[in-house]
Amino acid sequence: MRNRLTIQEYSGWAGVAIAICLLHLLPAQAAAHGAALSYETVRGIEITALYDSGEPMTGAQVAVFAPDDPVEPWLTGTCDDSGKFFFTPDPDRPGLWEIQARLAGHGDLLRIEVTADSGISGGTTGFTALQKLVMAMAVIWGLTGTALFFSRRKN
């Protein structure tokens, strides 16, 4: 009985794990929906919640969080038929406001900086390229370890 992997066996399992990870990184049209949020400043903030396909997230639940209370929503509501939701942040609460929209397990989070003079600066959403790279490498590392664990032979 042997308890060590040969180089060919190790290469085979590592190749399978890497192939699976690379398949997940290839662009493909999926049946599931992702979500994206955008906003406009019109005497307040108007967000637009859309699926990745461009279809509006009609009736999506929206929660607005003030900078000084990121746990309890400052305002809640739903998107209209075109996926839009409008609100006016409190100018006496400057800082980073967070808006979350969710519908049937899909959603996104948008952060908008509101200044003391009622100025609204750019919003951010999604993951950075570095965050995506770190997540992909973690998946590859985890799959390789799992493949090696299950490929070992017990005495």
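Tutor: A residue is buried under 20% relative accessible area, exposed over 50%, and partly exposed in between (1.4 Å probe, protein chains only). The model here is predicted: local features need pLDDT of at least 70, side-chain atom pairs count only at pLDDT 80 or more, and totals for chains, interfaces and linings use all residues. Residues are numbered from 1 along each chain as its sequence is written, while side-chain values use heavy atoms, with hydrogens and water left out.

Student: Why is arginine 111 called partly exposed?

Tutor: Arginine 111 has 29% relative accessibility. That value falls between 20% and 50%, so arginine 111 counts as partly exposed.

Student: What makes the pair of glutamate 98 and arginine 111 a salt bridge?

Tutor: The term asks for a side-chain nitrogen of Lys or Arg within 4 Å of a carboxyl oxygen of Asp or Glu. For glutamate 98 and arginine 111 the closest N and O atoms are 3.3 Å apart, and the pair therefore qualifies. Glutamate 98 sits in strand E6 and arginine 111 in strand E7, 13 residues apart, and the pair links distant parts of the chain. Glutamate 98 is partly exposed too, at 22% relative accessible area.

Student: How many salt bridges does the whole structure have?

Tutor: A search finds 3. One of them joins lysine 84 to glutamate 46, with the closest N and O atoms 3.7 Å apart. At 27% relative accessible area, lysine 84 is partly exposed.

Student: What ties arginine 93 to aspartate 68?

Tutor: A salt bridge, whose closest N and O atoms are 2.7 Å apart. Arginine 93 belongs to the loop between E5 and E6, and aspartate 68 to the loop between E3 and strand E4 (75–78), so the pair ties together parts 25 residues apart in sequence.

Student: Why is aspartate 68 called exposed, and what is arginine 93 called?

Tutor: Aspartate 68 has a relative accessible area of 53%, which is over 50%, so the word is exposed. Arginine 93 has 22% and is therefore partly exposed.

Student: Which elements does the chain have?

Tutor: There are 2 helices and 8 strands, running α-β-β-β-β-β-β-β-β-α from the N terminus. Both kinds are DSSP runs numbered from the N terminus (helices: H or I, at least four residues; strands: E, at least two).

Student: What makes a set of residues here a nonpolar core?

Tutor: Its members must be buried Ala, Val, Leu, Ile, Met, Phe, Trp, Tyr or Cys residues joined through side-chain atoms within 4.5 Å. The largest such core has 20 residues, and Ile47, Val62, Val64, Phe85, Phe87 and Ile99 have the most contacts inside it. Two or more residues each come from strands E1 (35–41), E2 (45–51), E3 (61–65), E5 (84–87), E6 (95–103) and E7 (106–114). The largest share, 4 residues, is from E2.

Student: Why is isoleucine 47 called buried?

Tutor: Its relative accessible area is 0%, which is under 20%, so isoleucine 47 is buried. Isoleucine 47 is found in strand E2.

Student: What does isoleucine 47 touch, leaving out residues up to four places away in sequence?

Tutor: Its contacts (heavy atoms within 4.5 Å) include Leu37, Tyr39, Val62, Phe85, Ile99 and Leu110. Isoleucine 47 and valine 62 are 15 residues apart in sequence and 9.8 Å apart C-alpha to C-alpha. Valine 62 in turn contacts Leu75, Cys79, Phe85 and Ile99, among others.

Student: Why are serine 151 and threonine 144 called buried?

Tutor: Serine 151 has a relative accessible area of 9% and threonine 144 has 17%; both values are under 20%, so both residues are buried.

Student: What does the side chain of serine 151 reach?

Tutor: The backbone oxygen of leucine 148, at 3.0 Å. For threonine 144, a polar side-chain atom lies 2.9 Å from the backbone oxygen of isoleucine 140. A polar contact is a pair of N or O atoms within 3.5 Å, one able to donate a hydrogen and the other to accept it within protein; residues adjacent in sequence count only if both atoms are side-chain atoms. Both distances are within that limit.
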